[in-house]
Amino acid sequence: MAKKQFKAESKRLLEMMINSIYSQREVFLRELISNSSDAIDKIYYKALTDDALRYYIKVSADKEDRTLKITDTGIGMAKDEMESNLGIIAKSGSLSFKNENELKDGHDIIGQFGVGFYAAFMVADVVTVISKALGNDEAYKWESKGTDGYTIEPFEKDSVGTDIILTIKENTEDETYDEYLEEHRIKAIIKKYSDFIRYPIKMDITEQRPKEGSENEYEDVTEEKVINSMVPIWRKNRNELTSEDYEKFYTDKHYGFDKPLKHIHINVDGAVRYNAILYIPENIPFDYYSKEYEKGLELYSNGVLIMNKCSELLPDYFSFVKGLVDSEDLSLNISREMLQHDRQLKLIAKNISKKIKSQLQSLLKEEREQYEKFYQSFGRQLKYGVYSDFGSNKELLQDLLLFYSSKEKKLVTLDEYVSRMPEDQNYIYYATGESYDRIEKLPQTELVADKGYEILYFTEDIDEFAIKMIRAYEEKEFKSVSSGDLGIEGEDNDTNSESEDNENKELFDLMKNILSDKVKDVRVSKRLKSHPVCLSTDGEVTIEMEKILSAMPDNQNVKADKILEINLNHEVFQSLKEAFENDKEKLNLYTNLLYNQALLIEGLPIHDPVEFTNDMCKIMV
Ligand code: ADP
Ligand code: MG
């Protein structure tokens with residue numbers, strides 16, 4: 001029997017293939033099982049026997065012989081088909097089959113490149129294929145040791161179908177191959193990549209069981225079991241599935257330890273066809289806000305796992321979403337690991353993003369409590385999404401934001417805020433601080449609250465930055481209650497305060513001198529009611545932003561332009577005036593005390609605490 005040579009190009013290609021196409025060796029099994037599945041698809045199509053029991057794939061390992069066998073009851077291969085499909089690399093019998101039978105794209109056949117089979121040589125020294133084709137009487141054996149060619153000879157086989165027998169390589173110093181003979185390892189690989197192959201994949205599974213009639217004696221029992229789930233839940237009809245089914249799938253897939261807050265099941269039959277099941281988790285994964293967290297969805301092509309975490313499918317602001325996408329329209333590259341070009345993927349990602357948004361919106365509308373739970377966990381990520389990419393996603397995200405309201409004493413949307421603004425209110429007011437309690441007590445909120453205006457409380461670092469990015473909602477700009485100009489009619493423009501400023505000019509100038517470069521100005525306050533002093537800011541940078549920016553590692557030393565505001569109606573002001581007239585030493589003391597108090601109220605550090613306490617003591621004695 002003459003040994004046939006692979007075509008020269010094929011020989012080189014085979015070497016290349018074996019060594020470089022696949023990043024993980026274990027995918028050889030995915031490829032062989034995919035081929036078996038294709039072969040069963042074909043016999044199903046040709047013979048149309050609906051005898052479900054006839055169609056299966058069986059995987060068995062023999063440690064002694066070091067062989068791993070994949071048997072299928074598919075269409076099989078005639079001698080010439082072995083010759084062309086296995087002897088010519090990059091010749092895909094499956095692709096020809098699709099073309100010859102004019103199968104539409106929608107068909108499930110996986111193969112198309114004509115290389116997957118050779119992945120077997122990554123783990124095997126010898127690959128033997130015994131096959132009997134549908135409608136043929138003879139069976140044949142094809143055998144190859146890799147690059148040096150192959151043989152074909154007649155062989156005995158009773159039933160139609162194919163056995164692929166791999167003689168697994170011996171371990172080397174650097175590589176172990178024994179694992180591909182281990183039952184649990186093989187099972188795990190099948191579960192990982194081929195769980196949703198439509199035909200049963202069987203294995204003989206050995207388990208320890210208590211011996212009959214005895215409680216503490218065990219015996220090994222071997223039983224043939226189907227190990228794949230077969231029907232992908234995402235291809236099922238939504239109406240057939242219960243919330244429990246979705247929750248079980250979430251747990252089975254190890255997407256999280258929690259119960260998902262919401263699932264989204266998508267079947268799209270448009271420009272790109274895909275199915276997806278997405279989950280919005282209830283709890284934050286422990287590593288979510290760390291660098292270690294990897295976003296992404298599982299990506300399947302025709303039910304076969306292609307990628308564990310495809311990050312392109314999710315924008316950062318929805319990185320908490322878990323789940324998978326299955327599409328038959330992906331242009332995979334030859335290793336079926338990476339995508340050749342990602343037009344389809346981009347389309348899917350865009351589509352998915354829209355669906356997630358509309359789901360969140362309906363959750364917000366219809367199940368507010370659930371939404372707030374979600375927001376507790378992932379609101380920060382949404383705000384971050386508003387801020388990043390130069391605000392390019394703010395339109396998409398701004399309606400998903402919630403902030404605590406001074407009036408409602410609960411989280412409200414911007415839309416809710418704006419819709420109940422009184423006619424004379426020109427701005428959306430907010431106040432920043434460490435907690436709702438502390439913000440509530442901020443002196444700067446007094447006037448705005450007095451006017452009956454609602455104030456949004458910002459307690460997270462990102463809040464003010466996100467809001468600056470949005471700039472205005474429904475044409476209403478945001479304004480900090482600490483900003484120099486509050487934009488409140490009748491309060492700011494009254495000439496009264498200007499004359500008051502003039503009247504006390506000398507006093508304020510002196511105070512400004514005392515504080516030197518610590519403040520930009522000392523002014524009459526229009527916003528204070530019961531407190532003697534507070535700080536406000538001129539310009540874009542607020543005190544809260546100064547705090548955050550100065551805590552950053554590459555801090556640019558950005559400072560807010562601080563104004564010390566004095567409440568003329570407070571008794572303390574009288575003391576200031578008296579001191580100004582009679583005792584400049586005292587004025588110095590009071591000015592520093594008031595300034596430090598204002599800092600404390602803002603949660604800013606006092607420059608010299610010892611001096612501050614000494615000053616306190618001075619006024620006591
Ligand atoms: P692809 O699956 O992309 O077509 P492969 O290299 O995996 O490429 O397989 C090459 C061809 O060999 C297949 O297209 C198919 O015609 C044939 N083949 C491989 N395995 C089997 C099998 N188990 N049963 C029948 N035909 C097979
Ligand atoms: Mg294949």
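This is a predicted model: local features need pLDDT of at least 70, side-chain atom pairs count only at pLDDT 80 or more; totals for chains, interfaces and linings use all residues.

Reader: At what angle do the axes of helix 17 and helix 18 cross?

Author: Helix 17 spans residues 571–582, and helix 18 spans residues 584–602. Their axes come within 7 Å. The crossing angle is roughly 145 degrees.

Reader: How many residues in the contact of helix 17 with helix 18 are nonpolar?

Author: Helix 17 contributes Val572, Ser575, Leu576, Ala579, Phe580 and Asn582. From helix 18 come Lys584, Lys586, Leu587, Tyr590 and Leu594. Two of the contact residues are polar and two are charged, while the number of nonpolar residues is seven.

Reader: Which residues does isoleucine 514 touch, leaving aside those up to four places away in sequence?

Author: Isoleucine 514 belongs to helix 15, residues 505–515. With residues up to four places away in sequence left out, its contacts are Leu587, Asn588, Thr591 and Asn592.

Reader: How far apart in space are isoleucine 514 and aspartate 41?

Author: In sequence, isoleucine 514 and aspartate 41 are separated by 473 residues. In space, taken from C-alpha to C-alpha, the distance is 88 Å.

Reader: Is the crossing of helix 13 and helix 16 left-handed or right-handed?

Author: The axes of helix 13 (residues 461–470) and helix 16 (residues 543–551) come within 10 Å and cross at roughly 115 degrees. The handedness of this crossing is left-handed.

Reader: How many charged residues does the contact of helix 13 with helix 16 have?

Author: Asp461, Glu464, Phe465 and Lys468 of helix 13 meet Glu544, Met545, Ile548 and Leu549 of helix 16. This contact of helix 13 with helix 16 has four nonpolar residues and no polar ones, and its charged residues number four.

Key
Residues are numbered from 1 along each chain as its sequence is written. Chains are lettered from A and ligands numbered from 1 in the order in which they are written. Side-chain values use heavy atoms; hydrogens and water are left out. Axes are lines fitted to C-alpha atoms, for helices over the stretch in contact, and angles run from 0 to 180 degrees between N-to-C directions. Helices (H or I, at least four residues) and strands (E, at least two) are DSSP runs, numbered from the N terminus. Contact means heavy atoms within 4.5 Å. Ala, Val, Leu, Ile, Met, Phe, Trp, Tyr, Cys and Pro count as nonpolar, Asp, Glu, Lys and Arg as charged, and the others, Gly among them, as polar. A crossing is left-handed if the near helix is turned anticlockwise from the far one by less than a right angle, and right-handed if clockwise.
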